[in-house]
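Grab a pencil and work through these exercises with the model open beside you. Each task comes with a solution to check yourself against.

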Amino acid sequence: MTKRSVPGKLFLAGEYAITAPGHTAVIAATAMGLNLTVTDAPTSSVTSNSIATSWHFNMAEPITVGQDHWRYVQAAIKILQDYTQFKTTLPTLSDVNITIESDLNGPYGKLGLGSSAAVVVGIIDALDAHFLLHLPRLTRFKLAGLAHYFVQKNGSLGDIAAITYGGVIAYQSPDLTQVIDTAQQWPTPEAIARDWPALNITPLP
């Protein structure tokens, strides 16, 4: 069994500035967030306290990213599948049960603390720990960032950075047009290994 916790995020300054690459925002991780539990299982499933139904899948088969409540979870698992197949030195992912407990939704819906970003980061982080992938933090940021970007179809990835790194960060958004073809339906895993122009993540006191 593997247990992981990830925070939410709160922009302190520059939330709109970083919609342009190379500009800076200051972002803090929040005490509220997600708790994830991963256990080995004969078939894979994901349950969440914020979604009424479970999602069932087979880790050995390619994931299809839909338009339902599970799309961010699906994207996170799919991009990690793609990356572990691309990096043949990494262990193969096997079937698991994933349980998500979220504090980022109130009685009237989302609180604006980055619940979708936290889910993507949390899935990447929990599966990285469970399968002993030992992915560097920057790699986990890129994986979560691309998964979130291709579901949402836009974004600075500042929420992904804050949740991945924790604490308070100064963040400069990358120029993704130099990294990926944004017209594609899904990123190639080679994009993770590329340099991301203008990206800068600096922890602050």
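Predicted model: local features only at pLDDT ≥ 70, side-chain atom pairs only at ≥ 80, totals over all residues.

A crossing of two helices is left-handed if the near helix is turned anticlockwise from the far one by less than a right angle, and right-handed if clockwise. Residues are numbered from 1 along each chain as its sequence is written, and side-chain values use heavy atoms, with hydrogens and water left out.

**Exercise 1. Work out how helix 1 and helix 2 pack, and which residues make the contact**.

Step one is the geometry. Two packed helices are described by the angle between their axes and the distance between the axes. Axes here are lines fitted to C-alpha atoms, for helices over the stretch in contact, and angles run from 0 to 180 degrees between N-to-C directions. Helices (H or I, at least four residues) and strands (E, at least two) are DSSP runs, numbered from the N terminus.

Step two is the hand: helix 1 passes helix 2 in a right-handed crossing.

Step three is the contact, meaning heavy atoms within 4.5 Å. Helix 1 brings Tyr-72, Val-73, Ala-76, Ile-77, Ile-79 and Leu-80, while helix 2 brings Ser-116, Val-119, Val-120, Ile-123, Ile-124 and Leu-127.

Count Ala, Val, Leu, Ile, Met, Phe, Trp, Tyr, Cys and Pro as nonpolar, Asp, Glu, Lys and Arg as charged, and the others, Gly among them, as polar. That gives 11 nonpolar residues, 1 polar and no charged ones.

**Exercise 2. Is His-148 buried or exposed, and what does it touch?**

Start with its place: His-148 is in helix 3. Next, the cut-offs: buried means under 20% relative accessible area, exposed over 50%, partly exposed in between (1.4 Å probe, protein chains only). His-148 has a relative accessible area of 1%, so it is buried. Finally, skip residues up to four places away in sequence, and His-148 touches Tyr-72, Ser-116, Ala-117, Val-120, Asp-159 and Ile-160.

**Exercise 3. Find where Ala-25 sits and what it is in contact with**.

Ala-25 belongs to strand 2 (residues 24–40). At 1% relative accessibility, Ala-25 counts as buried. Now look across the sequence: Ala-25 and Tyr-171 are 146 residues apart, yet their C-alpha atoms are 5.3 Å apart. Leaving aside neighbours within four places, the contacts of Ala-25 include Phe-11, Ile-18 and Tyr-171.

**Exercise 4. How many helices and strands does the protein chain have, and in what order?**

Count first: 5 helices and 9 strands. Then read the order from the N terminus: β-β-β-β-α-β-β-β-α-α-α-β-α-β. To finish, buried residues make up 51% of the 205 in the chain.
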